[in-house]
Amino acid sequence: MARDMSPVLKRCRSLDLEPTFLGIDKKSNRKSLRAGKKMSEYGLQLREKQKAKFIYGVLEKPFRNNFERAKKMKNGTAGENLLIILELRLDNVLFRMGYGRTRKEARQIVDHKHVLVNGKRVNIPSYQVKAGDVIEIAEKYKSAQRYKDILEVTDGRLVPAWLEADHNNLSGTVKEIPTRDLIDVPVNEMLIVELYSK
């Protein structure tokens with residue numbers, strides 16, 4: 001399985017991104033070498049795409065496929081639909097509910113078959129959840145120390161309005177499909193649409 005192994009803080013600096021959006025509380029004191037330099041229009045578009053890919057941990061080919069899917073959706077703009085598709089990935093939903101400190105950790109938890117969706121075991125991080133889906137950690141892992149440690153870190157994190165999380169039972173529900181206003185990622189999706197429209 002291909003993975004992005006680049007150093008996180010270094011990548012955050014180059015993309016002008018706060019590490020908190022990745023669930024990381026560290027701060028980088030260094031300044032980006034490109035800080036203050038003017039970027040071309042293409043450079044800005046590319047940076048927004050790289051930012052979205054990096055936040056959600058998606059590589060180029062699946063990202064492109066998601067964009068093609070977003071374009072074909074009947075309601076909403078392609079850019080907004082793309083962010084909604086990325087937001088509804090199982091690994092992201094798990095992270096949003098607070099059952100993973102970072103999206104990478106949430107992805108690993110899904111990979112290791114710890115997650116049930118509507119009572120069925122799912123081990124595909126890119127699995128698209130739907131409104132009404134019930135997501136929970138499998139019974140045999142609920143008492144694991146790992147989840148106690150994770151909840152210690154994520155308990156203060158705000159669960160988005162479109163999700164419901166029950167931390168005592170390590171489960172949650174997708175109440176509705178999120179709208180763009182409910183997605184707090186600092187990405188200008190219009191620039192991604194412009195980039196792919198060339």
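The legends below describe close-up views of a predicted model.

**View 1. Arg89 in the loop between helix 4 and helix 5.** Helix 4 spans 78-87 and helix 5 spans 90-97, with Arg89 in the loop between them. Arg89 has 5% relative accessibility, so the residue counts as buried; the cut-off is under 20%. Its side chain makes a polar contact with the side chain of Asp91, at 3.0 Å. Leaving aside residues up to four places away in sequence, Arg89 touches Tyr56, Val58, Arg107, Pro125, Ser126, Tyr127 and Gln128.

**View 2. Gly172 in strand 5.** The strand covers residues 171-174. Gly172 is buried, at 4% relative accessibility. Val134 lies 38 residues away along the chain, yet the C-alpha atoms of Gly172 and Val134 are separated by 5.8 Å. Val134 is also one of the residues that Gly172 touches, residues up to four places away in sequence not being counted. Others in that set include Met97, Asp133, Ile135 and Glu164, along with Ala165 and Asp166.

**View 3. Asn118, a non-glycine residue with positive phi.** Most residues other than glycine have a negative phi. Asn118 has a phi of about 50°. The residue sits in the loop between strand 1 (115-117) and strand 2 (120-121). Its relative accessible area is 44%, so Asn118 is partly exposed.

**View 4. Leu170, a non-glycine residue with positive phi.** Here phi is about 50°. Leu170 is placed in the loop between strand 4 (163-166) and strand 5. With 4% relative accessibility, Leu170 counts as buried.

Technical notes
Residues numbered from 1 in each chain as written. Predicted model: local features only at pLDDT ≥ 70, side-chain atom pairs only at ≥ 80, totals over all residues. Heavy atoms only, no water. Helix = DSSP H or I, 4+ residues; strand = E, 2+ residues; numbered from the N terminus. Buried < 20%, exposed > 50% of the residue type's maximum accessible area, 1.4 Å probe, protein only. Polar contact = N/O pair within 3.5 Å; in protein donor to acceptor, adjacent residues only side chain to side chain. Contact = heavy atoms within 4.5 Å.
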